[in-house]
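Reader: I'm new to reading protein models, and I'd like to learn how to look at one feature at a time. Could you walk me through it?

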Amino acid sequence: MSEHQGIALRNPVIPGFHPDPSVCRVGDDYYLVCSSFEYFPGIPVFHSRDLVHWTQLGNALDRPSQLRLPRELLSSAGIYAPTLRHHDGRFWLVVTNVAGGGNMLFTATDAAGPWSDPIPLPGVPGIDPDLAWDEDGTCWCTIAGVRQARIDPVTGETFGEPRRIWSGTPGAKAPEAPHLYRIGDHWYLLIAEGGTERGHGVAIARGPSPSGPFEPCPHNPVVTHRGTEHPIQNTGHADLVQAPDGSWWMVLLGVRPRGGTPGWHVLGRETFLVPVEWADGWPVVGEVPSELPTPSWPLVPAPVEPVRDDFELGELRPQWISPRDRSPDHCTTKDRSGWLTLRARGASLDEPDAVFVGRRQQHLTCEARTRVDTGQGRGGLAVRLDEEHHYEIEATEGEVQVLARAGTLRTVLASRTVPSGPVVLGVRFSPAPDLGPRTGPDIVAFGVEEPDGSFAELGSLDGRYLSTEVAGGFTGRVIGMYAAAGTVHFDWFDYTPQGS
């Protein structure tokens with residue numbers, strides 16, 4: 001493992017469900033955003049001083065005036081593939097809301113926010129928008145396809161119809177995620193292609209102007225792990241950034257499948273980092289490493305995230321997300337000091353309007369616990385992939401049940417009586433026993449805390465049914481608290497990593 005000043009350098013640099021990364025540098029500071037799909041608040045915003053260690057500053061779309069996701073919205077719809085840039089002293093964020101609104105722009109003077117209300121781009125169709133400015137200040141918006149239009153980023157006006165500027169590598173499907181850069185004497189057009197599954201890759205072309213004509217790199221794809229046994233797969237959807245020392249780096253998404261055949265990834269698409277060299281005017285990347293090389297600059301570790309959230313703040317911390325919206329009528333830390341209060345508006349997590357507050361699972365081996373007071377309500381601790389794929393441990397006064405939903409199957413796995421009053425519920429994620437090709441990615445075990453602090457397991461489940469390979473979609477696991485009936489209070493939530 002690479003180390004510098006005693007600090008381990010590992011990929012992914014932002015683990016868990018953080019796909020479609022886009023990065024920019026302002027002086028010695030780096031800023032990065034990711035897709036958020038059906039979750040609110042939307043578009044997590046990260047900061048780093050070394051490209052390796054990242055701290056979440058907030059979420060760009062944290063007000064209903066910026067992001068409205070209908071309750072009937074399907075999982076894995078919503079906010080797709082943002083691009084983050086800094087130009088003329090401002091941050092610019094362009095993104096697609098496939099749930100309605102199409103492509104839109106947001107601006108801020110501080111990446112931590114507040115971000116503006118949206119500037120619609122009605123003349124820019126499609127997904128995966130990018131922004132680039134040429135020497136005379138003209139702004140170009142390039143979208144999946146790969147098509148391009150000139151826009152006014154202040155008003156959202158489009159000048160002319162978008163036109164195709166490149167089709168990517170012959171035979172490769174889904175040319176998307178374009179990013180346009182002026183590097184040296186050329187304009188470079190970086191795209192993803194091959195689909196965001198095992199065939200994913202990164203290709204690049206260059207030309208004399210932002211609109212081309214573009215010649216492809218003779219060594220495309222410049223990044224792909226397709227057809228390999230590399231532990232990181234689905235590599236693609238990249239963005240380039242230059243460090244102050246002149247070196248170049250690439251952020252991109254990838255997954256870490258586990259288990260037998262075909263392999264299951266459960267944390268979603270994660271953000272990875274890879275160094276970039278240049279040869280004959282083309283970037284040379286190679287494989288995405290599990291262990292990062294040591295950069296030439298000092299590393300700046302991010303503050304260690306506390307294991308426990310006691311909900312003592314007036315607002316939830318930025319890592320907490322909810323499907324579609326998070327109304328203060330149904331979710332608040334202000335009703336009961338030091339507690340999170342959730343009020344149900346549905347009957348279970350199967351429903352699109354379920355009240356659920358969770359955080360991304362970021363480690364393959366970890367544990368989460370919460371202390372819940374149901375009163376006359378019903379709720380508990382859940383691991384969610386979408387409405388049709390989730391496991392939970394649910395408490396009512398005097399009873400706890402372990403429940404599972406996988407597709408059309410909904411079952412009660414186990415139940416147990418418990419003393420009246422608050423109860424501590426827990427979930428543990430551990431490696432699956434080796435069953436050869438049929439081995440799943442992990443075991444998800446639910447239980448309650450005994451008076452002596454020990455964990456009494458009530459039931460365990462195969463983790464493959466909470467994976468993208470089973471459920472489909474673009475997200476990853478989210479662990480959190482929910483209310484299925486009445487009002488449920490949560491005293492604290494612990495998330496304890498126990499491995500990578």
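Reader: Which strand gives the most to the lining of the largest pocket?
Author: Strand S39 does, with three residues. Strands here are DSSP runs of E with at least two residues, and helices are runs of H or I with at least four, numbered from the N terminus. As for the pocket, picture a 1 Å grid over the protein atoms alone: a pocket is an open set of points with protein on both sides within 12 Å along at least five of seven lines, a cavity is a set where a 1.4 Å probe fits but cannot get out, and lining residues have an atom within 4 Å of a point.

Reader: Before we go on, what kind of model is this?
Author: It's a predicted model, where local features need pLDDT of at least 70, side-chain atom pairs count only at pLDDT 80 or more, and totals for chains, interfaces and linings use all residues. Residues are numbered from 1 along each chain as its sequence is written, and side-chain values use heavy atoms, with hydrogens and water left out.

Reader: How much space lies in the largest pocket, and which residues lie nearest its centre?
Author: About 1,500 Å³. A volume is the space filled by probe spheres set on the grid points, which are joined across faces, edges and corners. The lining has 45 residues, and Pro 15, Trp 54, Glu 305, Gln 362 and His 363 lie nearest the centre. S7, S25 (308-309), S29 (355-360) and S39 (487-497) are the elements that give two or more residues to this lining.

Reader: How do the residues of that lining divide by class?
Author: You'll find 24 nonpolar, 11 polar and 10 charged. In this scheme Ala, Val, Leu, Ile, Met, Phe, Trp, Tyr, Cys and Pro are nonpolar, Asp, Glu, Lys and Arg are charged, and the others, Gly among them, are polar.

Reader: Where does the second largest pocket lie?
Author: Domain 1 (21-285) and domain 2 (308-497) both give residues to its lining, so it lies between them. The domain bounds come from an automatic or database domain assignment. This pocket has a volume of about 630 Å³. Its lining has 25 residues, with Phe 40, Pro 41, Asp 62, Glu 315 and Arg 326 closest to the centre. S7 gives the most here, with three residues.

Reader: What do S23 and S24 form?
Author: A hairpin, with two residues between the strands; in the turn, Asp 280 has a positive phi of about 55 degrees. Three bridges join S23 to S24 (residues 282-284), running antiparallel, and Glu 277 stands opposite Val 284. S23 (residues 270-279) also pairs with S22 (residues 248-255), antiparallel over seven bridges.

Reader: Which residues does a cis peptide bond join?
Author: One joins Gly 145 and Val 146, with omega about 5 degrees. Val 146 is in the loop between S13 (139-143) and S14 (147-151). Another joins Gly 212 and Pro 213, with omega about 0 degrees.

Reader: Last one: how many cavities of 30 Å³ or more are there?
Author: A search of the whole structure finds three. The largest has a volume of about 60 Å³, and S29 gives the most to its lining, with three residues. By class, that lining has six nonpolar, three polar and three charged residues.

Technical notes
Pairing = 2+ DSSP bridges.
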